[in-house]
Amino acid sequence: MRAVVQRVLSASVEVEGRVVSEIGPGLLVLVGIHESDTDSDADYICRKVLNMRLFPNERSGKAWDQSVMQRNFGVLLVSQFTLYGILKGNKPDFHVAMPPQKAKPFYASLVEKFCKSYTADAVKDGIFGEMMKVNLVNDGPVTMQLDSSQSSLN
């Protein structure tokens, strides 16, 4: 599983001109699911995203000191199979991404994992399989990449 995590002042997802999810300060997480991903990959991504120290501690003034959970900020999850795109010449190929019929329930279980590990009200998501417009106001900008295949290293 692959995640691109962006620290945001705000983020939202629109489908067919309608805002379906939005958060204020927090993390926008673009999630790609590999065809071989398992629950342990989802566990890793959930744990790492929720515990990444990407926010300053306003009391101590320390940068990179607090997680999204410590700040009680939002998390907006957006499924994005293109994170597993491979260019063949100039054309993208997505054959290593999990097929949609299998990925949809897997992604739903990831969202549920985030809700159970944090506060359900703080976790939002887009609509799987829909064309989405993702709007964000980057904070920093701060962007991190996570790959569950690297989990044995962390």
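In this predicted model, Phe94 comes out as partly exposed, its relative accessible area being 28%. Phe94 sits in the loop that runs between β6 (91-93) and α3 (100-117), while Phe81 belongs to the loop between β4 (74-79) and β5 (86-88), so their pairing ties together parts that are 13 residues apart in sequence. As for geometry, the ring centres of Phe81 and Phe94 are 4.9 Å apart with the planes at 80°, and since anything over 60 degrees qualifies, the pair is edge-to-face.

A tilted aromatic pair is formed by Tyr107 and Phe128, with 5.9 Å from centre to centre and 35° between the planes. Here, too, distant parts of the chain get linked: Tyr107 is in helix α3 and Phe128 is in the loop between β7 (123-125) and β8 (133-147), 21 residues apart. Tyr107 has a relative accessible area of 3%, under the 20% cut-off, and is therefore buried. Phe128, at 21%, counts as partly exposed. Overall, the tally of aromatic pairs is 3.

Then there is Tyr118, found in the loop between α3 and β7. With a relative accessible area of 13%, Tyr118 is buried. Setting aside neighbours within four places in sequence, its contacts are Leu50, Val68, Met69, Asn72, Phe73, Val75 and Val123. As for Ser10, 108 residues away along the chain, its C-alpha atom is separated from that of Tyr118 by 19 Å.

Notes:
Residues are numbered from 1 along each chain as its sequence is written. This is a predicted model: local features need pLDDT of at least 70, side-chain atom pairs count only at pLDDT 80 or more; totals for chains, interfaces and linings use all residues. Side-chain values use heavy atoms; hydrogens and water are left out. Rings of Phe, Tyr and Trp (its six-membered ring) pair if their centres lie within 6.5 Å; planes under 30 degrees apart count as stacked, over 60 as edge-to-face and the rest as tilted. Helices (H or I, at least four residues) and strands (E, at least two) are DSSP runs, numbered from the N terminus. Buried means under 20% relative accessible area, exposed over 50%, partly exposed in between (1.4 Å probe, protein chains only). Contact means heavy atoms within 4.5 Å.
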